[in-house]
Amino acid sequence: FDRGTPTALLTKLGSSHGVPANELRLSYAKHVGIRVDKQCRLEEVTSCWRKNTDNSVGEQIHCPSHVMESPRNNLAQGSCVNVKLVQLGMCLSNELKKAAAVTGGSSSHRP
């Protein structure tokens, strides 16, 4: 079985339109918690797995209600039609560009 990232996410990574919220949900075989920030950028996906009697990880299961009704699943609140999939580090990069534009120059960073 595959525990990897669904193809729908990989193909839309960095897209300015993102992925439709329903498509994102359906890209997972089981119900997962999906957390987004205020700008509808994907923050976290919580998947749930059966615990075997020997304490090893078993098969993936639908996340229980305490996960699906928690803040870890705020996409369920319906505030985002599309979810943006930002490449690692791009949020910080964009914030630095905005800060430089506001101050009228480049921000100074020391290694």
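Modeller: Start with R50. This arginine is partly exposed, at a relative accessible area of 42%. Partly exposed covers the range between buried, under 20%, and exposed, over 50%, so R50 falls in that middle class. Keep in mind that the model is predicted.

R50 has a partner. It forms a salt bridge with E59. Their closest N and O atoms lie 3.5 Å apart. A salt bridge needs that nitrogen within 4 Å of the carboxyl oxygen, so the pair of R50 and E59 qualifies. The general idea is simple. Side chains of opposite charge can pair when their charged atoms come close.

Another of them joins R72 to E44, at 3.1 Å from N to O. This pair ties together distant parts of the chain, 28 residues apart. R72 sits in the loop between α3 (65-68) and β6 (82-83). E44 belongs to strand β3, residues 42-46. How exposed are the two ends? R72 has a relative accessible area of 46%, which makes it partly exposed. E44 is partly exposed too, with 25%.

Now look at E43. Its side chain meets that of R35 in a salt bridge, again 3.1 Å from N to O. E43 is partly exposed, at 45% relative accessibility. R35 is also partly exposed, at 28%.

Note on methods:
Residues numbered from 1 in each chain as written. Predicted model: local features only at pLDDT ≥ 70, side-chain atom pairs only at ≥ 80, totals over all residues. Heavy atoms only, no water. Buried < 20%, exposed > 50% of the residue type's maximum accessible area, 1.4 Å probe, protein only. Helix = DSSP H or I, 4+ residues; strand = E, 2+ residues; numbered from the N terminus.
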